[in-house]
Amino acid sequence: MMWCSAAVDVLFLMDGSHSVGKGSFERSKHFAITVCDALDIKPRKVRVGAIQFSSAPRLEFPLDAFSTQQEVKAEIKRMVFKGGRTETSLALKYLLRKGFPGGRNASVPQVLIIVTDGRSQGHVALPAKQLKQRGVTVFTVGIRFPRWEELHSLASEPRERHVLMAEQVEDAANGLFSTLSGSAICTTTSPDCKVQPHPCERKTLETVRELAGLAPCWRGSRSTDAVLAALCPFSSWKRVFFTHPTTCYRTSCPGPCDSQPCQNGGTCVPEGPDRYRCLCPPAFGGEANCAPNLSLECRVDVLFLLASSADATPEGFQWAKAFVKRFVRAALTGDSRARVGVARYGAELTVAVPVGEYQDVPDLVRSLDSLPFDGGATLTGRALRQAAERGFGSAPGTGLDRPRRAVVLMTEARSQDEVAGPAGFARARELLLLGMGSEDVRAELEVITGGPERVLTYTGPRDLFDQIPKLQGKLCSRPRPGCQAQSLDLVFMLDASVSVGPENFAQMQSFVRSCALRFDVNPDVTQIGLVVYGGLVQTAFGLDTHLSRAAVLRALSQAPYLGGVGSAGTALLHIYDKVMTVQGGARPGVPKAVVVVTGGSGVEDAAVPAQKLRENGVSVLVVGVGPVLREALRRLAGPRDALIHVATYADLSHHQDALIEWMCREAKQPVNLCKPSPCMNEGACVLHSGSYRCECQGGWEGPHCENRECGISSHIGAGRVVSVLLFPGTVAKGGSRALTEGVSLRSFIRQTFSGCPLHPRCHAG
């Protein structure tokens, strides 16, 4: 934005005292190096020197020592922290006495940049005033927690343009460049550049005195033989953070990329004042300006919600505006059925461009150009509620004729108010919530949108613009049906502990029933089992218990609420040992998945059992509800896409599509026929020619090591098939047991053939 190529002497006066400390001194050096990037350092142009001061000033290098930018930056990097007292006044008197070392005296403008915490041991106002009277332009740059009053007394007028904060390096450097470019010292690269103010904050750490109470003390008396006792006040000292609202300045200059010529997420790279090139995504690399367009073919109303708070920063706000401009140019083509609106928020929501109320795309872009940055608080929850209530205005159509409505939240700042409730309010109004932000706010965006699949993160401008095709895909994606033709053994594991409660458990049951409706339940396609856990672990029904969707739905409604203190780890081990096994009805060669729905209590011990299931070929997905132990759930869930976080139990229905999509994806994964092992009784499974065989331990035989010598061998020859015709209420001919009313066929078979393990499919009755 600025390239200072004038004849000017720039001297850094850097505080190296103990009150600054070595860490802050390194940040001071980083700030000085950043400033040098904008200076045309040559003997006849900009000269740069540096003095470090503490108990006494020390010349690091004079202004005529180096003649290139690289040499000056390297010498600044080599500066070593001194330590000592903060004698700022001695350093200023040194300059008054000797002038700028190696400089051109008053024949060229002189700029003094003082980087300090402003905690001098001497008086600085008078020597600073004398320097400024000699024509020296003085910038003061606060480091660590500075004493702002002293920095203001040192700086040139107007002070709000000459006092900066080094902890925010880019902000301080931009402020310095803006002040220089607005003066006669340096000029900007373009006459159309503008210096623009914006609100900002500066912080300091102060020691304050507080009245702590009263204590007895002795005082003198007028009489010579008496002493007066009284209660005396006493004080304590403590350190307090203070925030100082102020105004900062930025310089913005036009360039060849301001018109955003690169489409479809392409990044514009300026190559001079009027030339550019486009860095395009792979799909568009062969086209001019990254064409063709990514038209939004679906019918959708999109409201972009841009954070315009102090924590979001002006740069982040400008990136968000640039993203929206690129998106509308790429997506809103002549045949597009989408409509776009834009709102910004800090403490309040302002709808800048109502959805669809623009003449054309250039008109929409012009409206974005005039959208200002606000500063202030970050009340994302309030903005979401207001966007749901009035963000779409009088959108046309009702019922099936109504377009899909989506809110795209763009923020880099954490909210200062609660977001889960307002987000649920917005989703209850059938709004699709999508989030875009840095990795720092991913967790909050997942709470707002309802899951990681609705969140896009980025690390910088180029990475941000690469998200345009992904956003287009999420806006137009529709819920897919269940895995109708995919085989799957699926076990739901529900938290039925006292931390959930019976009402919330009922909502869990409803959620699982709605998921089961999306599957074709029969022994050849999808099998569903259910395990509940609380004070104990119980298999509500196994994988092969119910052979139709109607039967599964009835059984889900009858699942018991257990209460007590639950252990998710114990429940997962139960599934590993007794449910997701061939004996329990699991089918060899069929993908297997466990879906854990939990309120978060009792998951601390579950990570290892979950990993044990995964290593045995079983996928595990975790649905965490409410203010759960997020880190414990992350460990339990394993991969990032195996965790769905839900704000409340009432919001579970909003996450059904994400859950079904995950299960369908797992159903398509290749399987290992020996995981879980189909071999019983410690038999070893061996893969062989696209199938498997079981190598049985001694005393066992059969395809799955299920047979052994037993009590009925004297009556039935080995390898013979036995058919028994049973009539309820009668005695089976040739046998000693009767099948009477009230006795299940399964129980009768098990009693009759006790001690003889049958093939697992026979156990189904």
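Let's start at Thr 378, which sits in the loop between α9 (361-369) and α10; helices here are DSSP runs of H or I with at least four residues, strands are E runs of at least two, and both are numbered from the N terminus. This is a predicted model, where local features need pLDDT of at least 70 and side-chain atom pairs count only at pLDDT 80 or more, while totals for chains, interfaces and linings use all residues. Residues are numbered from 1 along each chain as its sequence is written, and side-chain values use heavy atoms, with hydrogens and water left out.

Is Thr 378 buried or exposed? Its relative accessibility is 0%, so Thr 378 counts as buried (buried is under 20% relative accessible area, exposed over 50%, partly exposed in between, with a 1.4 Å probe and protein chains only). Its side chain makes a polar contact of 2.6 Å with that of Ser 309; such a contact is a pair of N or O atoms within 3.5 Å, where within protein one must be able to donate a hydrogen and the other to accept it, and residues adjacent in sequence count only if both atoms are side-chain atoms. Setting aside residues up to four places away in sequence, Thr 378 also touches others, including Asp 311, Tyr 345 and Arg 414 (contact means heavy atoms within 4.5 Å).

From there, move on to helix α11 (residues 420-428), whose buried residues are Pro 422, Ala 423, Gly 424, Ala 426 and Arg 427. These pack against α10 (380-390), β15 (431-437) and α12 (442-449). Just after α11, Glu 430 takes a positive phi of about 65°.

Next up is a helix pair. α15 (residues 502-516) and α16 (residues 549-557) pack at an angle of about 175°, with axes 9 Å apart; the axes are lines fitted to C-alpha atoms over the stretch in contact, and angles run from 0 to 180 degrees between N-to-C directions. That makes α15 roughly antiparallel to α16, a label for angles over 145 degrees. On the α15 side the contact uses Gln 509, Val 512, Arg 513 and Ala 516, and α16 brings Arg 549, Val 552, Leu 553, Leu 556 and Ser 557.

Over in strand β8 (residues 228-252) you'll find Val 240, which is partly exposed at 22% relative accessible area. Beyond its neighbours within four places in sequence, Val 240 is in contact with Thr 204, Leu 205, Glu 206 and Val 208.

Zooming out, the chain has 21 helices and 26 strands, and buried residues make up 50% of its 765 residues.

Methods. Angles under 35 degrees count as roughly parallel, over 145 as roughly antiparallel, 65 to 115 as roughly perpendicular and the rest as oblique.
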